[in-house]
Amino acid sequence: MSSKAIREYDAKLLLAYWLPRSPSVSSEPLATPFSYPEPRVAQIAWEPDTNTVTAETLLPSWVSTTKLVAKPDQLIKRRGKAGLLALNKDWPDAKKWIEERAGKPQRVEHTVGTLSTFIVEPFLPHPSNTEFYICITSSRDEDTILFTHEGGVDIGDVDAKALRLSIPILKPFPSRAQVEAALLPHVPAAKKPTLVDFIVRLYSVYVDLHFAYLEINPLVVLDAADGKAPQVQYLDMAAKLDQTAESICGPKWSVARDLSVYDGHGASAGGKVTADRGPPMAWPAPFGRDLTKEEAYIQKLDASTGASLKLTVLNPAGRIWTMVAGGGASVVYSDAIAAHGYAHELANYGEYSGAPSEGQTYEYAKTILDLITRGAVNRAGKILIIGGGIANFTNVAATFKGIIRALKEFKQGLVNHGVRIYVRRGGPNYQEGLKAMRLLGESLGVPIHVFGPETHITAIVPLALGVAAKEKRGAAGGVEPVSIPATPPAARGEVVEGAEGVGAIHADGERTQAEDQIVRFDAVVERGARPWFRPFDAATRALVYGLQPRAIQGMLDFDYSCGREAPSVAAMIYPFGGHHIQKFYWGTKETLLPVYTSVEEAVGKHPDVDIVVNFASSRSVYSSTLDILKFPQIKAIALIAEGVPERHAREILHIAKGKGVLIIGPATVGGIKPGCFRIGNSGGMMDNIISSKLYRPGSVGYVSKSGGMSNELNNILSLYTNGTYEGIAIGGDRYPGTTFIDHLLRYEADPECKMLVLLGEVGGVEEYRVIEAVKKGAIKKPIIAWAIGTCAKMFATEVQFGHAGSLANSDMETADAKNKAMRAAGFIVPETFEELPDVLEETYRRLVAEGAIKPKAERDPPVIPMDYKWAQELGLIRKPAAFISTISDERGQELMYAGMRITDVFKENIGLGGVVSLLWFKRRLPEYATKFVEMVLMLTADHGPAVSGAMNTIVATRAGKDLISSLASGLLTIGSRFGGALDEAASMFSSARDRGLTPREFVDEARKQNKLISGIGHKIKSVNNPDLRVQLVKEYVLKNFPAHSLLDYALAVEKVTTSKKDTLILNVDGCIAVCFVDLLRDSGAFSSEEADEYIKIGTLNGLFVLGRSIGFIGHHLDQKRLRAPLYRHPADDIFINMADVTQPRVLGKMQ
């Protein structure tokens, strides 16, 4: 997400609506009552399915009564020169012009695309001397307004001709006089006031709506005539919005796109309900890059998740496909493929990052595999590169599960197309992920070659392409690498010395208490001021903004491995919760960290803190950072959030610069100072910290944009040099708080840092500031550099790489131009990224030989026990589950009921009875059985307000209790006397029949034992006044059940009992009970043992409880609706019998 181009149609609607409404950036009033342009634009879309354009009935009425201009609206530059402009046409001619071009391929310069979207607007006759040019652009330090007094198609070189007015960030907008003097010296005096007014309003909208670019050519200004106000019209327009500002400006963008706000045309959303008034902003693909169905699907998937999912199909017939984790890594792999001469075979560009779920990864992989296995089979076969850098926090094995699932699904297609798969990955749990990939290769029938982080990130590319590659030290050399084990935890069952468990008895008889395991660091260690070039050292203390227990534990584990005396995290700030304490591990023991609700309190309580790691979201990072910047004590802030609006990012960095505060980020993983300090998740899991030797300082300082590529650099430096001295990922956005030069100048001034590394990328010009510093002698230490993104020149259309800032807006911003310029300035620049380890090793050995670097003996870091949860996830430990559940599972992509997906529950329309059968009996019952369950629930739902359960519910409700409490009150009355007769009836009738008793013998036995037969008898109903509920049940069972032997037995018992008294009928409880036993025993779905067990464990009573809950809830709602007062039972309905006080009592005596 970054600045993205929008259609001219949308840009004109935004200006039409907001020019009169946006808050003004100037305190001076408008000088002229000029007429704001009317929103007279219409969009004509081509529908490929019907090969038709938008119907006239959907267009505004002025289209058919006005002379028109028609042109494509697909981000095409210089449409007039390309012959894509129809002028002064009436609607029939304009429509014909559009239809002749709609759906047809069109070449514009070097790009070919399909014309599908057009804009029509009124034709405006005007003299050429009324045309002007205006453009507003944004850069790191300022916004710039460019203006020329000559506009139109033949404007020529704008950069050379335009006058400029700069508006520095956070500075007030210039006065009207300054605007006029800077931009309008060649404009006729009569037009100057109107133009100044328009420029002020235009820039106000630019700021208010978070534009990133806005160009109008020509801008037409017509003088006032016939007593009317001067007119301003914009004919052609190009614009970009900051997409990251959608959370702020989304409602403003949407309302401007709602046509009903202009002329009652009707809501443009087509009747759909949207989040805001009007449809959300549309983000069209560049011309020639029409989104395929697959790209649109991944774009939609990306928008619905916090992870990042990108896909651009470059060549559907290409042989080489990539599925790469990480924004920086995705570019590096494309570069490597292009560098070996296979750019024409590269089928796609894309990346997945930000810890996507297994389900999201599955959908992403499935989409790519579907594309790979389409079309004709290529004799040479196809290649799939599943690559990635060393992840910081993404569970590699978990994401691989989704990919493996998709690979299995496309097994036959992969075999048919001769696909060979090459995998390279590192990061948390990568060993298990690679192992799963290797095992998959053995069963899939598709060759899968698997490599780990000991292999250079792009070394698998030449292997996959079958080209010779220079052998590198530490590279896999074509052999599957041996996985690097995780940091070994303490042996299972081993007690770490000095860490006796809670409850252990000492020699003096005292027990170890829980508090004895807590390590406290209350004393503030006085330290001297650090030099400006060293913001982090072994005494650095930080606050963490946001609840981030995983990141904080990682920081503390790093601190412990470095041998720090105290944790680097002093406290947390979480405004949305109360003050509390959180517990973290410090080695084998634990320590407590306080959580505050405000920055002010945290800073006041911890005067030794001068760093804040801010994990606030993109929506709140601006306000929280401004709050942090109020305190002079804070000297550095790391902003982790991605998607921070660019205007907010620029304001933060300028405020921080004015206060002398170092900003790292936004959109960064942070940075790391080996042996001293770690920001958040930088460096990845502890196994990577150890393998990359980040627990002690090396001699190489690097700066990069990518967090994942920072881990790659840590890994490479540990293999080819003595390791990292300090590494910073400045973040991938267009306006990071600090840039390459800020950190490289620090490294240059730091005598402990001997060698510099710069990993740049396509887009932006920050590398040139480093080049200037080298040329001027400000940087003298050896600097190895490479700009990734060299593949961009191979693509026919514009491709947005993984980072927001990685898009070249000019030739000098390309990776090739940067690498060439850096090489010319004296940087050590390899020919390709694959050769980076070689030049690093050569430079390092030279510095060692010269004595500039003196390698030190390695030391072993302390062993840090692995967290229990992580060890369990890695399969290193096991423990019995505290609970066992066999009926449902919500952990996967969708909820499962007894193995049945919730989507299938609805697709097959199994109903409530079917759900009960799955969750109660773990199987699908026949339809007649599930319908019987539903019938029982309906029959038992209620039996009037007078029964004990309903009465209890009503009384509790009238006492002011909530629904849950009132329902529970009613349910607690259910037992052997009320509602619980189902279980007992089932048991008694089943037992009698199973023992071979005749109905009469059963009745006689019960009489001799003075027992009532459960399920027999009713207070009101009788033989002559039958219970219709019983009739309904009997009729259904006799008609639908395959067998009903116990019901037949019960009816025979009823004949015996009613011969004695006509109210001793089979009641509804007894009827349901015996029929349910018939269902269990005779449906074929249960064994006899299972049937008996379900009777014993209370299943039948469960039916009554479930059904009667419906009625109890109804009574509760009824009483609430009636606003019934507190119930007090009338005293005359209670017989009170107090004992006579004269009667003797037994009294207890005090001893």
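Strand S2 (residues 42-47) and strand S8 are joined by four bridges and run antiparallel. This is a predicted model. Within that pairing, Ala42 stands opposite Val120 in S8. The two strands belong to an open sheet of five strands, ordered S3-S2-S8-S4-S5, with antiparallel pairing. At the edges stand strand S3 (52-53) and strand S5 (86-89). Each has a single partner strand, so one side of each is left without a neighbour in the sheet.

In one of them, Lys71 pairs with Glu8, and their closest N and O atoms are 3.1 Å apart. Are Lys71 and Glu8 buried or exposed? Both residues are buried.

The side chains of Lys12 and Glu121 meet in a salt bridge, at 2.7 Å from N to O. Lys12 has 3% relative accessibility, so Lys12 counts as buried. Glu121 has 9%, and therefore counts as buried too.Elsewhere, Arg696 forms a salt bridge with Glu858, with 2.6 Å between the closest N and O atoms. Arg696 lies in the loop between helix H19 (686-691) and strand S31 (700-704). Glu858 lies in the loop between helix H24 (836-850) and helix H25 (868-874). The pair therefore ties together parts that are 162 residues apart in sequence. How do the two ends compare in burial? Arg696 is buried, with a relative accessible area of 11%. Glu858, at 46% relative accessibility, counts as partly exposed.

Strand S22 (residues 542-545) pairs with S26 in the parallel sense over four bridges. Val544 has Val613 in S26 as its bridge partner. S26 also pairs with strand S27 (residues 636-639), again in the parallel sense and over four bridges. There, Val612 stands opposite Ile637 in S27. From S26 the chain crosses through helix H17 (residues 621-628) to S27, and this β-α-β crossover is right-handed.

Rolling a probe the size of a water molecule over the atoms shows where empty space is left. The second largest pocket has a volume of about 1100 Å³. Of the 34 residues that line this pocket, the closest to its centre are Gly1015, Ile1016, Gly1017, His1018 and Asn1067. Which helices each supply at least two residues of the lining? They are helix H31 (981-994), helix H32 (999-1008), helix H35 (1068-1082) and helix H37 (1099-1122). H32 gives the most to the lining, with three residues. By class, the lining of the second largest pocket has 13 nonpolar, twelve polar and nine charged residues.

Key
Residues numbered from 1 in each chain as written. Predicted model: local features only at pLDDT ≥ 70, side-chain atom pairs only at ≥ 80, totals over all residues. Heavy atoms only, no water. Salt bridge = Lys/Arg side-chain N within 4 Å of Asp/Glu carboxyl O. Buried < 20%, exposed > 50% of the residue type's maximum accessible area, 1.4 Å probe, protein only. 1 Å grid on protein atoms, 1.4 Å probe; cavity = no way out; pocket = protein on both sides within 12 Å on 5 of 7 lines; lining within 4 Å. Points joined across faces, edges and corners; volume = space filled by probe spheres on them. Nonpolar A, V, L, I, M, F, W, Y, C, P; charged D, E, K, R; others polar. Pairing = 2+ DSSP bridges. Right-handed = clockwise from strand over helix to strand, strands pointing away.
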